[in-house]
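Student: I would like to go through the labels used for this structure and ask what each one rests on.
Tutor: Ask about them one at a time.

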Amino acid sequence: MQYEDFQFILFDRKPDGVLLATLNRPEAMNATNNRMHWELTQLWGVVNDDPGVKAVVVTGAGERAFSAGGDLSVVEEMANSQEATMRVMKEASDIVYNMLACDKPIISAINGTAVGAGLAVALLADVSVIAEDARLTDGHARLGVSAGDHAAIIWPLLCGMAKAKYYLMTADFIDGKEAERIGLVTFCTPRSEVLPRSLAIAANLARGSQAAIRATKKSLNNWMRQAGPIFDNSLAMEMLCFLGPDVKEGLAALRAKRTPDFPSARLPG
């Protein structure tokens with residue numbers, strides 16, 4: 001795959017070996033439709049194989065969002081199709097493992113809301129810079145499915161088990177300042193400084209010893225690789241939830257902007 005083949009990711013090649021990749025569905029808060037979700041599986045291999053790129057910065061188009069997770073049309077498709085669910089399961093796994101396999105530093109410039117699949121990219125980056133007023137949530141429990149597409153492999157390492165359990169089970173939103181305080185992201189800055197700070201970090205890494213930086217990243221990523229079986233299980237459990245009744249109620253509640261009445265939460269009788 002070549003850069004020009006991407007439909008929903010824009011590329012801006014900087015002269016210092018830094019590549020800016022922009023998730024580009026601003027009219028949908030950069031939510032991932034089927035094509036964009038698949039493109040996020042391919043991005044990291046293309047970057048890794050490009051000798052002209054030494055670091056990549058990922059951000060979202062527009063001012064509202066980094067990426068608001070999976071498009072609700074995709075969620076509805078998954079809730080009604082085993083084939084769609086299995087396809088998304090493979091892609092969700094590929095996003096995580098392909099990011100871990102990318103030797104080059106990845107910096108996320110979290111310029112706005114980050115949820116679900118978008119949050120996976122934001123937090124699996126090697127360095128993350130978030131706007132003070134940006135909000136993030138794993139979001140899965142709010143929909144009626146278990147946290148699966150990245151959370152189990154990275155949240156406990158970043159913010160500890162106590163915080164990970166609370167925020168993943170409640171799907172509460174966290175702002176940029178709190179995300180930095182608990183260690184979920186690397187840096188928190190005013191919104192206007194997110195992209196410049198991210199590009200400066202990437203440029204600094206591009207000037208360093210590429211052999212040393214890539215080997216360091218590869219060694220540290222083995223902490224996540226150790227959690228691979230945990231992640232694989234979480235992803236399978238998430239997809240099983242898509243076959244149950246709660247996700248249909250969660251989807252309806254999100255569309256109606258109301259509190260969900262999950263069947264599994266109702267008392268018997």
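Tutor: A definition comes first: helices (H or I, at least four residues) and strands (E, at least two) are DSSP runs, numbered from the N terminus. Asn33 sits in the loop between strand 2 (18-23) and helix 1 (34-48). The model is predicted, so local features need pLDDT of at least 70 and side-chain atom pairs pLDDT 80 or more, while totals for chains, interfaces and linings use all residues. Residues are numbered from 1 along each chain as its sequence is written, and side-chain values use heavy atoms, with hydrogens and water left out.

Student: Why is Asn33 called buried?
Tutor: Buried means under 20% relative accessible area, exposed over 50%, and partly exposed in between (1.4 Å probe, protein chains only). Asn33 has a relative accessible area of 15%, so Asn33 counts as buried.

Student: Which residues does Asn33 touch, leaving out those up to four places away in sequence?
Tutor: Phe8, Arg25, Asp71 and Val74. Contact here means heavy atoms within 4.5 Å.

Student: What makes Tyr97 and Phe231 an edge-to-face pair?
Tutor: A search of the whole structure finds 4 aromatic pairs. Tyr97 and Phe231 form one with 5.6 Å centre to centre and 75° between the planes. Rings of Phe, Tyr and Trp (its six-membered ring) pair if their centres lie within 6.5 Å; planes under 30 degrees apart count as stacked, over 60 as edge-to-face and the rest as tilted. Tyr97 lies in helix 3 (residues 82-101) and Phe231 in helix 12 (residues 228-241), so the pair ties together parts that are 134 residues apart in sequence.

Student: Are Tyr97 and Phe231 buried or partly exposed?
Tutor: Tyr97, at 23% relative accessibility, counts as partly exposed. Phe231 has a relative accessible area of 0% and is therefore buried.

Student: Which residues do ring pairs link into a cluster?
Tutor: Tyr3, Phe6 and Phe11.

Student: How do you know that the buried residues of helix 7 line one face?
Tutor: In helix 7 (residues 161-170), Ala164, Tyr167 and Leu168 are buried. Seen down the axis, they fall within an arc of 95°, so they line one face of the helix. The arc is that of the directions from the helix axis to the C-beta atoms. Ala162 and Met169, on the other side of helix 7, are exposed.

Student: What covers the buried residues of helix 7?
Tutor: The cover includes helix 5 (140-143), helix 6 (151-159), strand 9 (174-175) and helix 8 (176-181).
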